[in-house]
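Good morning. I have a few local features to go through, so please keep the structure open while I talk.

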Amino acid sequence: MGEMSLGAAVMCLGAVVCLLGGRDSGARRARLLLAGGGTVGIGPPDWRRMVRDLGQLRGRLGAEWWAAVVGLALGVLGSSVLPVVAGAVGVPLLRRARLVREARRARERRGGAVIDLCGALAGEVRAGRQPGEALLRAARDCEGLGEAQAAVLAAARFGGDVPGALACAARQPGAEGLSGLAACWRVAVDQGAGLAAGLDRLEGALRAERDRRADLRTQLAGARSTVAMLAGLPALGLLLGAAMGADPLRVLFHTGAGLGCLVVGGALEGLGMWWALRIVRGAEAA
């Protein structure tokens with residue numbers, strides 16, 4: 001078991017060295033040899049270059065790969081392959097959580113762009129511009145509407161189906177407010193109603209909804225912090241045990257009672273985190 005962990009550590013170390021070196025490492029070494037500047041590998045290390053390479057490596061891998069790094073470190077320290085396997089399993093789970101978080105941020109940015117578009121369009125209409133020209137100016141200045149922004153601009157510029165383009169753009173997550181803008185456009189253009197007044201009411205409703213979500217997220221911040229703290233308690237227990245000289249990794253990975261505690265404790269930890277996050281997400285959805 002120890003030889004397997006050591007072999008996995010050597011393989012991961014070789015992969016990190018290859019990533020840090022990059023594709024230009026061989027060409028750089030050849031230039032140094034042919035330049036007559038001395039022997040390669042002699043001299044003080046370039047710390048700035050190392051920091052830059054580490055930053056590039058972090059950007060390539062992503063935060064979820066730290067699970068594999070931590071699992072490898074625990075596997076080497078505990079002479080067991082179980083942490084390596086757990087770290088490898090945690091990579092796709094953390095990647096999924098990261099993608100969900102990025103999608104939520106994109107949805108929030110898109111919702112803010114819709115609110116800005118409604119306010120800018122109302123201002124352009126009040127300035128005396130025609131609805132098509134006003135939409136062109138407002139949509140050009142409001143970034144973050146996604147791929148459908150070009151379709152909306154084309155419909156407004158060439159006299160196309162602007163409400164249809166807005167309705168198609170409203171299918172994007174976070175851009176649901178564009179369906180209200182499409183309804184205001186139909187009522188104002190087809191029936192001659194005031195577009196600016198409808199846009200003001202729509203902007204106020206969307207802004208109030210965003211403020212309610214922000215207020216709810218603030219109220220749930222304490223619950224999320226509690227979940228994060230509870231998730232970190234097992235690691236704190238391992239650190240305390242190691243500081244007291246109890247060698248908790250050996251007990252967990254190489255004794256029957258330790259393996260039983262590890263399985264039961266891991267299951268209860270995962271179940272508790274799932275249940276707490278389910279309560280928080282249910283409150284947000286409500």
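Where does serine 79 lie? Serine 79 is in the loop between helix H4, residues 66-78, and helix H5, residues 82-126. Before going on, note that this is a predicted model.

I start with serine 79 for its backbone. Most residues other than glycine have a negative phi. Serine 79 is not a glycine, yet its phi is positive, about 55°. Is its surface buried or exposed, or something in between? The relative accessible area of serine 79 is 34%, so this residue counts as partly exposed.

There is another case of this kind. Aspartate 247 also is a residue other than glycine, and its phi is positive, near 55°. Aspartate 247 sits in the loop between helix H11, residues 221-243, and helix H12, residues 248-254. With a relative accessible area of 39%, aspartate 247 is partly exposed.

Next, the cysteines. How many disulfides are there? The count is zero. Take cysteine 118: the nearest cysteine sulfur belongs to cysteine 184, and it is 7.6 Å away.

Now the aromatic rings. A pair of aromatic rings is described by the distance of the centres and the angle of the planes. The count here is one aromatic pair. That pair is tryptophan 274 with tryptophan 275, 6.0 Å from centre to centre and with 50° between the planes, which is a tilted arrangement. Tryptophan 275 is partly exposed, its relative accessible area being 45%.

Last, two helices. Packed helices are described by the angle between their axes and the distance between the axes. Helix H7 covers residues 148-157 and helix H8 covers residues 162-169; their axes come within 9 Å and cross at roughly 175°. Angles over 145 degrees count as roughly antiparallel, and H7 and H8 are therefore roughly antiparallel to each other.

Which residues in H7 and H8 meet? From H7 there are Ala148, Ala151, Val152, Ala155 and Ala156, and they meet Val162, Ala165, Leu166 and Ala169 of H8. Sorted by class, this contact has nine nonpolar residues, no polar ones and no charged ones.

That is my list.

Terms used. Residues are numbered from 1 along each chain as its sequence is written. This is a predicted model: local features need pLDDT of at least 70, side-chain atom pairs count only at pLDDT 80 or more; totals for chains, interfaces and linings use all residues. Side-chain values use heavy atoms; hydrogens and water are left out. A disulfide is a pair of cysteine sulfur atoms within 2.5 Å. Helices (H or I, at least four residues) and strands (E, at least two) are DSSP runs, numbered from the N terminus. Buried means under 20% relative accessible area, exposed over 50%, partly exposed in between (1.4 Å probe, protein chains only). Rings of Phe, Tyr and Trp (its six-membered ring) pair if their centres lie within 6.5 Å; planes under 30 degrees apart count as stacked, over 60 as edge-to-face and the rest as tilted. Axes are lines fitted to C-alpha atoms, for helices over the stretch in contact, and angles run from 0 to 180 degrees between N-to-C directions. Angles under 35 degrees count as roughly parallel, over 145 as roughly antiparallel, 65 to 115 as roughly perpendicular and the rest as oblique. Contact means heavy atoms within 4.5 Å. Ala, Val, Leu, Ile, Met, Phe, Trp, Tyr, Cys and Pro count as nonpolar, Asp, Glu, Lys and Arg as charged, and the others, Gly among them, as polar.
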